[in-house]
Amino acid sequence: MKKNRKFPGSLECLGDVCDFVTHCAKECNLNEAQVYAVQLAVDEATTNIIEHAYKGHLPNEFEITCEELPEGLQVVLHDTGKAFDPASVPLPLLNVPLEELRSRGLGVFLMRKMMDVVEYDFSPEDGNVLRMVKKKGG
Amino acid sequence: MEIQSTEYKRCTVIKASGRIDGSNAPELGAALKQLNANGIFNLVFDMPEIKFMASAGWWVLIDIQKACKPKGGELVLAGVDKGIRESLKLVGMDTYFKIYDDLTSAVGSF
């Protein structure tokens, strides 16, 4: 199975994005918890594209490709916005007093926790490519 | 997103359904902040019909908790979906909220 779809660079697309990856995850026979993990990671990645990669730019399309691998589901997000490397986002401070909690970094942290592989690449020609894999056994 | 608010003797219950993500989390935040503005700091977020919560939603709840606690109140959660609860626990954010299995228990905690 390999499917791809383009979405508008707007937060209103998040529901459609979720529906698309959910359908693909279920086709790969991921279990309920794994499907939720994919939903959450892709939602966070999509939000980052819209709020960071396309920030200050005219909203543009981005593309999601889902492919079944022997080990599970691969999801690749491709956008043409400015470079945004998730690895550059500091880990959030957790397990601190409530008043010290800050929002930055939780989305990226969730992506890394929910998915077994999170790889990023950027080129001026292609833009940002984020590859994530959810393993069936993981 | 439809948000319902119900006042009880010692707390106010707010209920929403569907998914909470970056597109509608501000709307939820505005509704909760309005309750704070009206002097209500004992809150129950009734969640059995919330099937998905992105980090944007969690930050709304954290911000409201930060507003409620100094006023002697708190925001508690009721009926949290299993997937949401597990992702909360995974990132250690479950410790910032009391979580009840059902609304009756949550309301009764005040």
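A salt bridge is a side-chain nitrogen of Lys or Arg within 4 Å of a carboxyl oxygen of Asp or Glu. With that definition, A:Asp43, B:Arg19 and B:Asp21 are linked in a network of salt bridges. Over all chains, the structure holds eleven salt bridges.

Before I continue, a word on the source. This is a predicted model, in which local features need pLDDT of at least 70 and side-chain atom pairs count only at pLDDT 80 or more, while totals for chains, interfaces and linings use all residues. Residues are numbered from 1 along each chain as its sequence is written, chains are lettered from A and ligands numbered from 1 in the order in which they are written, and side-chain values use heavy atoms, with hydrogens and water left out.

Let me turn to the sheet of chain B. Helices (H or I, at least four residues) and strands (E, at least two) are DSSP runs, numbered from the N terminus. Two strands pair if DSSP finds at least two bridges between them. In chain B, five strands form an open sheet with mixed pairing, in the order β1-β2-β4-β6-β7. Strands β1 (3-7) and β7 of chain B stand at the edges with a single partner strand each, so one side of each has no neighbour in the sheet.

Which strands does β4(B) pair with in the parallel sense? Strand β2 (residues 12-16) of chain B runs parallel to β4(B) and is joined to it by four bridges; there, B:Lys15 has B:Asp46 as its bridge partner. Strand β4 (residues 42-46) of chain B also pairs with β6(B), in the parallel sense, over five bridges.

Now consider β6(B) itself. Within this strand, B:Leu77 is the bridge partner of B:Phe45. B:Leu77 also stands opposite B:Ile99 in β7(B). Strand β7 (residues 99-100) of chain B pairs with β6(B) in the parallel sense over two bridges. From β6(B), the chain crosses through helix α3 (residues 82-90) of chain B to β7(B), and this β-α-β crossover is right-handed; that is, with the strands pointing away from the viewer, the path from the first strand over the helix to the second runs clockwise.

Is strand β6 of chain B largely enclosed or left open? Buried means under 20% relative accessible area, exposed over 50%, and partly exposed in between (1.4 Å probe, protein chains only). Five of the five residues of β6 (residues 74-78) of chain B are buried, so the strand is largely enclosed by the rest of the structure. B:Glu74, B:Val76 and B:Ala78 point one way from β6(B), whereas B:Leu75 and B:Leu77 point the other way.

One of these residues brings us back to salt bridges. Side chains of opposite charge can pair when their charged atoms come close. B:Glu74 counts as buried, at 14% relative accessibility. B:Glu74 forms a salt bridge with B:Lys69, whose closest N and O atoms are 3.7 Å apart, and meets B:Lys98 in another at 3.0 Å, N to O. The latter pair links distant parts of the chain, for B:Lys98 lies in the loop between α3 and β7 of chain B and B:Glu74 in strand β6, 24 residues apart. B:Lys69 is partly exposed, at 42%, and B:Lys98 is partly exposed, at 43%.
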